[in-house]
Amino acid sequence: MLNPFRNGFYAVQLLSHKLMRYLVPLFLITLLGTSALLAFSNIFYAAVFIAQVCFYLAAALSALMVRLGVNSRVLALPQYFVITNAACLIAMIKLVSGERYVRWEPVRGPAANS
C-alpha cells in the first residue's frame, strides 16, 4: 500500500497521515536544535530560532495562565500543539522502553453528593 507507483497519491497520503505524524515530535526537536546551531551563522536562521522560542514560550505562558484561571484563545493553539506533541513523545518513549498497558481501567471515585 505504500508503493506510490502502484497506489498513486494514496500511498503518499497514507505515509504522511498515518506514519509520519507520530514522528513530528522528533522532527520538532531536531528543528529546534539545528536552528539553535545555525542561528549564529545567518540572520534568517536566527529569526527562525527566535520564532520557535517565542512559540514555545507562548505555550508555556498559556499553561501558566490556565493555572491562574485566565483563559486566552490566542495562546490556546500553541499550548494545544505543544501538549499534543509532548504526549506523543512520552508515548514513544514508553513504547521504546517496553512499558505497556494490557488494559485501561478508569479510576472511579465516590459519587459527589449534591
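A: Let's start with the cysteines. This is a predicted model. Cys 88 is buried, because its relative accessible area is 19%, and buried means under 20%.

Q: How many disulfides are there?
A: A disulfide needs two cysteine sulfur atoms within 2.5 Å. By that rule the count is 0.

Q: How far does helix H4 reach from its first C-alpha to its last?
A: To judge a helix, compare its span with 1.5 Å a residue. H4 covers residues 43-67, which is 25 residues. Its span is 36 Å, close to the 36 Å expected.

Q: What happens at the start of H4, and what follows the helix?
A: Look at the start, then at what comes after. At the start, a side-chain oxygen of Asn 42 comes to within 3.0 Å of the backbone nitrogen of Phe 44. After H4 comes Gly 69, with a positive phi near 90°.

Q: Which residues of H4 are buried?
A: Burial is read from relative accessible area, with buried meaning under 20%. In H4 the buried residues are Ala 46, Gln 52, Ala 58, Ala 59 and Ser 62. Their cover includes helix H3 (24-38) and helix H5 (73-97).

Q: At what angle do the axes of H4 and H5 cross?
A: For a pair of helices, take the axis distance and the angle. The axes of H4 and H5 come within 8 Å and cross at roughly 100°. Angles of 65 to 115 degrees count as roughly perpendicular, and H4 and H5 are therefore roughly perpendicular to each other.

Q: Which residues of H4 and H5 meet?
A: Contact means heavy atoms within 4.5 Å. From H4, the residues are Phe 55, Tyr 56, Ala 58, Ala 59, Leu 61, Ser 62, Ala 63, Met 65 and Val 66. From H5, they are Leu 75, Ala 76, Pro 78, Gln 79, Phe 81 and Val 82.

Q: Is Gln 79 buried or exposed?
A: Gln 79 sits in H5. It counts as buried, because its relative accessibility is 15%. Leaving out residues up to four places away in sequence, Gln 79 touches Ala 59, Ser 62, Ala 63 and Val 66.

Q: At what angle do H3 and H5 cross?
A: The axes of H3 and H5 come within 8 Å and cross at roughly 110°. H3 is therefore roughly perpendicular to H5. H3 brings Val 24, Pro 25, Leu 26, Leu 28 and Ile 29 to the contact. H5 brings Phe 81, Asn 85, Cys 88, Leu 89 and Met 92.

Q: What does Asn 85 touch?
A: Asn 85 lies in H5. It counts as buried at 12% relative accessibility. Leaving out residues up to four places away in sequence, Asn 85 touches Val 24, Pro 25 and Leu 28.

Q: Is Ser 97 buried or exposed?
A: Ser 97 also belongs to H5. It counts as exposed, because its relative accessibility is 57% and exposed means over 50%. The Ser 97 side chain reaches the backbone oxygen of Lys 94 at 3.1 Å.

Q: How far apart in space are Val 12 and Leu 2?
A: Check sequence and space separately. Val 12 and Leu 2 are 10 residues apart in sequence. In space they are 7.2 Å apart, C-alpha to C-alpha. Val 12 is in helix H2 (residues 9-19) and counts as partly exposed at 38% relative accessibility.

Terms used:
Residues are numbered from 1 along each chain as its sequence is written. This is a predicted model: local features need pLDDT of at least 70, side-chain atom pairs count only at pLDDT 80 or more; totals for chains, interfaces and linings use all residues. Side-chain values use heavy atoms; hydrogens and water are left out. Helices (H or I, at least four residues) and strands (E, at least two) are DSSP runs, numbered from the N terminus. The expected span of a helix is 1.5 Å times one less than its number of residues. Buried means under 20% relative accessible area, exposed over 50%, partly exposed in between (1.4 Å probe, protein chains only). A polar contact is a pair of N or O atoms within 3.5 Å; within protein, one must be able to donate a hydrogen and the other to accept it, and residues adjacent in sequence count only if both atoms are side-chain atoms. Axes are lines fitted to C-alpha atoms, for helices over the stretch in contact, and angles run from 0 to 180 degrees between N-to-C directions. Angles under 35 degrees count as roughly parallel, over 145 as roughly antiparallel, 65 to 115 as roughly perpendicular and the rest as oblique.
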